[in-house]
Amino acid sequence: MENCSNYKEYTELNVWLKSRELVNLIYQITTNFPQNEAFGLIIQMRRCAVSIPSNIAEGCGRNHSKDTLQFIYIARGSVYELETQTYISFDQKYINEETLNIVLDLISVNKKLINGFINYFQKKI
């Protein structure tokens, strides 16, 4: 049986820490969205962002690499979903190009870290 806790606490993993950084950024930028998006894009983006570290944590709480991997895949899907929602936010002029690039840069970091985590656990199966 191998999982994240065999190596580090999940709260010490860079993949989890960077995903929390992304959550905080998304919460920050969505505070400036129009109020009519409160039950639309704002909630969608926030839920999506929160899903990333949550699924990493849940995966790390599993007893087998195969179980962990499934939750990491879900986290990766949420990153891609959030990326699309970020572009939509830009298209709707809720964020400017500078903010778009800041968010996309952090999304890119998250993608790389999650893909590395996936590769690591694929080798364990």
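Q: What span should the 17 residues of helix H1 (residues 14-30) have at 1.5 Å a residue, and how far apart are its end C-alpha atoms?
A: The 17 residues of H1 should span 24 Å, and the end C-alpha atoms are 24 Å apart, which agrees. The expected span is 1.5 Å times one less than the number of residues in the helix. Helices are DSSP runs of H or I with at least four residues, strands are runs of E with at least two, and both are numbered from the N terminus.

Q: What kind of model is this, and which pLDDT values apply?
A: This is a predicted model, in which local features need pLDDT of at least 70 and side-chain atom pairs count only at pLDDT 80 or more, while totals for chains, interfaces and linings use all residues. Residues are numbered from 1 along each chain as its sequence is written, and side-chain values use heavy atoms, with hydrogens and water left out.

Q: Back to H1, then. Which of its residues are buried?
A: Val 15, Trp 16, Ser 19, Leu 22, Val 23, Leu 25, Ile 26, Ile 29 and Thr 30 are buried in H1. Buried means under 20% relative accessible area, exposed means over 50%, and partly exposed lies in between (1.4 Å probe, protein chains only).

Q: What do the buried residues of H1 pack against?
A: They pack against H2, helix H3 (65-91) and H4.

Q: How do H1 and H2 sit, roughly parallel or roughly antiparallel?
A: The axes of H1 and H2 cross at roughly 170° and come within 9 Å, and the two helices are therefore roughly antiparallel to each other. Angles under 35 degrees count as roughly parallel, over 145 as roughly antiparallel, 65 to 115 as roughly perpendicular, and the rest as oblique. Axes are lines fitted to C-alpha atoms, for helices over the stretch in contact, and angles between N-to-C directions run from 0 to 180 degrees.

Q: Which residues of H1 and H2 meet?
A: From H1, the residues include Trp 16, Arg 20, Val 23 and Tyr 27, and from H2 they include Ile 42, Arg 46, Ala 49 and Pro 53. Contact means heavy atoms within 4.5 Å. By class, the contact of H1 with H2 has 15 nonpolar, two polar and two charged residues. Ala, Val, Leu, Ile, Met, Phe, Trp, Tyr, Cys and Pro count as nonpolar, Asp, Glu, Lys and Arg as charged, and the others, Gly among them, as polar.

Q: Arg 46 was in that list. What does it touch?
A: Arg 46, which is found in helix H2, touches Ile 26, Tyr 27, Thr 30 and Thr 31, not counting residues up to four places away in sequence.

Q: Now H2 and H4. At what angle do they pack?
A: Helix H2 (residues 41-60) and helix H4 (residues 97-124) pack at about 15°, with their axes 13 Å apart. They are therefore roughly parallel to each other. Ile 52, Ile 56 and Cys 60 of H2 make the contact with Asn 110, Ile 114 and Phe 117 of H4. By class, this contact of H2 with H4 has five nonpolar, one polar and no charged residues.

Q: And how far apart are the axes of H3 and H4?
A: The axes of H3 and H4 are 9 Å apart, at an angle of about 165°. H3 and H4 are therefore roughly antiparallel to each other. The residues of their contact divide into 17 nonpolar, six polar and five charged.

Q: Is Ser 78 buried or exposed?
A: Ser 78, in helix H3, counts as buried at 8% relative accessibility. Leaving aside its neighbours within four places in sequence, Ser 78 is in contact with Cys 48, Ser 51 and Ile 52. The C-alpha atoms of Ser 78 and Cys 48 are separated by 5.5 Å, although the two residues are 30 residues apart along the chain.

Q: What about Asn 55, buried or exposed?
A: Asn 55 lies in helix H2 and is buried, with a relative accessible area of 11%. Not counting residues up to four places away in sequence, Asn 55 touches Phe 71, Ile 72, Ile 74 and Ala 75.

Q: One last topic: where does Lys 93 lie?
A: Lys 93 lies in the loop between H3 and H4 and counts as exposed at 71% relative accessibility. Lys 93 has a positive phi of about 65° although it is not a glycine. Most residues other than glycine have a negative phi.
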